[in-house]
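Colleague: I have the file open and want to go through some contacts with you. Can you take my questions as they come?

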Amino acid sequence: MTFRHFALGQKRHWIAALAITAAVLAGCDVQKIAELEVGVTTEADVRAKWGEPAAVYAEPDGSKTLEYPRQPAGQVNYMLAIGSDSKLVAMRQVLKPANFAKIETGWDKTQVRRLLGTPAKVQRYAMKKDEEVWDWRFADGSQGKVFSVTFDVNGRVMSTSTTADEKESGNRG
């Protein structure tokens with residue numbers, strides 16, 4: 001066996017391991033979601049089942065939104081709305097074309113993060129006047145895709161795009 005064949009075998013092994021891990025995580029999310037009940041589940045219950053959120057967003061009415069990203073391996077990000085009474089109000093998977101369409105030129109990074117959650121990947125391009133690109137992996141039907149937002153040097157949206165996910169391995173979690 002040559003080194004090249006060994007390296008290819010190792011790469012396939014890692015890809016398979018990542019796919020299995022993602023499937024297990026997706027299964028865990030399905031179970032976690034099934035255990036939540038709008039109007040009954042409390043914020044403490046959510047945190048006990050899901051752990052600490054990546055971010056907590058305070059809402060004007062005293063409610064809050066808890067961010068639970070599944071990037072970079074997954075294709076979803078969850079926002080769980082908690083009412084002012086500390087009970088679950090709504091669960092949303094936010095990585096979908098309807099949300100991507102809401103993003104407008106001029107939005108700042110905070111607005112984008114608040115809508116879509118933590119990106120899978122952040123890249124900075126110094127040679128392109130310090131542009132920064134955020135990528136989110138998502139499923140569009142049975143196709144894996146990547147939604148990208150390009151920010152200018154001031155952290156404002158310049159453009160968005162959607163491309164095929166070259167790392168797609170059947171992972172949806």
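Colleague: What does E67 touch, not counting residues up to four places away in sequence?

Modeller: E67 touches P53, A54, A55, Y57, Y78, M79, R113, G117 and T118. Contact here means heavy atoms within 4.5 Å. Bear in mind that this is a predicted model, in which local features need pLDDT of at least 70 and side-chain atom pairs count only at pLDDT 80 or more, while totals for chains, interfaces and linings use all residues. Residues are numbered from 1 along each chain as its sequence is written, and side-chain values use heavy atoms, with hydrogens and water left out.

Colleague: Which side chains make polar contacts with the side chain of E67?

Modeller: Y57 is one, at 2.6 Å, and R113 is another, at 3.0 Å. A polar contact is a pair of N or O atoms within 3.5 Å; within protein, one must be able to donate a hydrogen and the other to accept it, and residues adjacent in sequence count only if both atoms are side-chain atoms. E67 and Y57 are ten residues apart in sequence, with their C-alpha atoms 8.0 Å apart.

Colleague: Is E67 buried or exposed?

Modeller: Buried, with a relative accessible area of 0%. The cut-offs are under 20% for buried, over 50% for exposed and partly exposed in between, using a 1.4 Å probe and protein chains only. E67 lies in strand 2, residues 64–69. Strands (E, at least two residues) and helices (H or I, at least four) are DSSP runs, numbered from the N terminus.

Colleague: On to strand 6. How many of its ten residues are buried?

Modeller: Eight; strand 6 covers residues 131–140. Strand 6 pairs antiparallel with strand 5 (residues 121–125) over five bridges, and nine bridges join strand 6 to strand 7 (residues 143–151), also antiparallel. Strands pair if DSSP finds at least two bridges between them.

Colleague: What about the turn between strand 6 and strand 7?

Modeller: That hairpin has two residues between the strands, and G141 in the turn has a positive phi of about 65 degrees.

Colleague: How many aromatic pairs does a search of the whole structure find?

Modeller: Seven. The rings of W134 and W136 have centres 6.0 Å apart and planes at 65 degrees, so that pair is edge-to-face. Rings of Phe, Tyr and Trp (its six-membered ring) pair with centres within 6.5 Å; planes under 30 degrees apart are stacked, over 60 edge-to-face and the rest tilted. Both tryptophans are buried, W134 at 9% and W136 at 0%.

Colleague: Which residues do ring pairs link into a cluster?

Modeller: F100, W134, W136, F138, F147 and F151.

Colleague: Last topic, confidence. What is the average pLDDT?

Modeller: The average is 84, and 79% of the residues score at least 70; pLDDT is the predictor's confidence in each residue, from 0 to 100. Over residues 1–27 the pLDDT is below 50, and this stretch has five contacts in the model beyond near neighbours in sequence. Where pLDDT is low, the predicted coordinates should not be read in detail.
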